[in-house]
Amino acid sequence: MLTTPAQTLRCLKTTYDAKVLPVLIDKACALASINEQRAQIVPKAHGVVLEVGVGSGLNARYYDSQRVERVIGVDPYLQPKAKQRFARAGIDFVSQPLSAETLDLTDHSVDSVVMTFTLCSIPNPTQALREMRRVLKPTGTLYYAEHGLAPQPKIIRKLQHVVTPVWKPVAGGCHLDRDIEQLIAQAGFTVSGQQGFTDSVTIVGYHYWGEATLRHHSDAK
Ligand SMILES: C[S@@+](CC[C@H](N)C(=O)[O-])C[C@H]1O[C@@H](n2cnc3c(N)ncnc32)[C@H](O)[C@@H]1O
């Protein structure tokens, strides 16, 4: 049976997404500048931890096993390596191959949420952050490190907007132009974080990292 060019393209894309992309992401996400940020954020997580977009488990070795009771790793495309990396790190790991927009966890059931280089890829980041808010205990903290929209220089900001539509299909749905701090704050968190170019002035070089706690109705502005 003859295949049409459209069928061939679909087949190539499926193979690329399943076989090539996870390897590329695993390599790109293990760069030194990215690992430096993991090292600043992840060891702070404690108690029952929800890791959103756990991927291949690159954060596993940065958790403090003395502070963490269990890590629940949520990701629709969870990689088998994640289990191995958490096992090697001696951390109790529960995998949930689900989307962050529909978490299968009860309200106020986790102490920490960890999210690294993931909000860019979640199709509905606002809904995912609402879910994180729902499952966090009132005293809980969201620890994040993400890349996103650069306010300056204008040329990079513009490039991020222009390149995103062609970048997204080859980079696992990654948006280059999300204002991470604004998204987190709009979802009802008080953000205490930093932002800036970490490594180089490129379209993926602008990072946001820090902590966010639940903003209670009484402190809402
Ligand atoms: C660039 S990778 C980062 C992986 C990992 N967080 C890290 O720091 O190495 C982005 C991850 O977001 C995950 N992701 C995409 N859509 C998601 C969703 N709706 N809910 C949760 N995770 C999602 C992808 O499967 C992928 O593992």
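How many residues does helix 5 have, and how far does helix 5 reach from its first C-alpha to its last? Helix 5, at residues 154-170, has 17 residues and reaches 25 Å between those two atoms, close to the 24 Å expected at 1.5 Å a residue. The expected span of a helix is 1.5 Å times one less than its number of residues.

The model is predicted: local features need pLDDT of at least 70 and side-chain atom pairs count only at pLDDT 80 or more, while totals for chains, interfaces and linings use all residues. Residues are numbered from 1 along each chain as its sequence is written.

## Overall architecture

The chain contains 6 helices and 7 strands. Both kinds of element are DSSP runs numbered from the N terminus, helices being H or I with at least four residues and strands being E with at least two. Read from the N terminus, the order of the elements is α-α-β-β-α-β-β-α-β-α-α-β-β.

The C-alpha trace spans about 60 × 40 × 30 Å along its principal axes.

Of the 221 residues, 37% count as buried. A residue is buried if 20 or more other C-beta atoms lie within 10 Å of its own, exposed if 12 or fewer do, and partly exposed in between, with C-beta atoms placed from the backbone. Among contacts between residues at least 6 apart in sequence, 65% join residues at least 24 apart. Two residues are in contact if their C-beta atoms, placed from the backbone, lie within 7 Å.

The loop between strand 5 and helix 5 holds P153. A cis peptide bond, with omega about -10°, joins Q152 and P153. Within helix 5, a kink of about 55° lies at T164, shortly before the proline P165. The bend at a residue is the angle between axes fitted to the seven residues ending there and the seven starting there. G172 follows helix 5 and has a positive phi, near 65°.

G148 is also found in the loop between strand 5 and helix 5. This glycine is buried, because 21 other C-beta atoms lie within 10 Å. Beyond its neighbours within four places in sequence, G148 is in contact with C120, R178, D179, I180, Y206 and Y208.

## Helix 4 and strand 6

Helix 4 (residues 125-135) has P125, A128, L129, E131, M132 and R133 as its buried residues. These residues pack against strand 1 (47-52), strand 4 (110-116), strand 5 (136-147), helix 6 (180-186), strand 6 (189-197) and strand 7 (206-214).

Q195 lies in strand 6. Q195 is partly exposed, because 18 other C-beta atoms lie within 10 Å. Apart from neighbours within four places in sequence, Q195 is in contact with E181, H207 and Y208.

H108, in the loop between strand 3 and strand 4, has a positive phi of about 50° although it is not a glycine. H108 counts as partly exposed because 15 other C-beta atoms lie within 10 Å. F117 likewise is not a glycine and has a positive phi of about 50°; its place is in the loop between strand 4 and helix 4. F117 counts as buried, because it has 23 C-beta neighbours inside 10 Å.

## Separations in sequence and space

The table sets out C-alpha separations for several residue pairs.

| Residue pair | Separation along the chain | C-alpha to C-alpha distance |
|---|---|---|
| G90 and K158 | 68 residues | 44 Å |
| Q40 and G210 | 170 residues | 8.6 Å |
| Q195 and G210 | 15 residues | 8.7 Å |
| G148 and G205 | 57 residues | 8.1 Å |

G90 is placed in the loop between helix 3 (80-89) and strand 3 (93-96). G90 is exposed, because 11 other C-beta atoms lie within 10 Å. Q40 lies in helix 2 (residues 32-41) and counts as partly exposed, because it has 15 C-beta neighbours inside 10 Å.

## Ligand surroundings

The ligand is surrounded by 21 residues, of which the closest are G53, G55, Y77, S99 and A100. A residue is near a molecule if its C-beta atom, placed from the backbone, lies within 6 Å of it. The shell divides into 11 nonpolar, 8 polar and 2 charged residues. Ala, Val, Leu, Ile, Met, Phe, Trp, Tyr, Cys and Pro count as nonpolar, Asp, Glu, Lys and Arg as charged, and the others, Gly among them, as polar.
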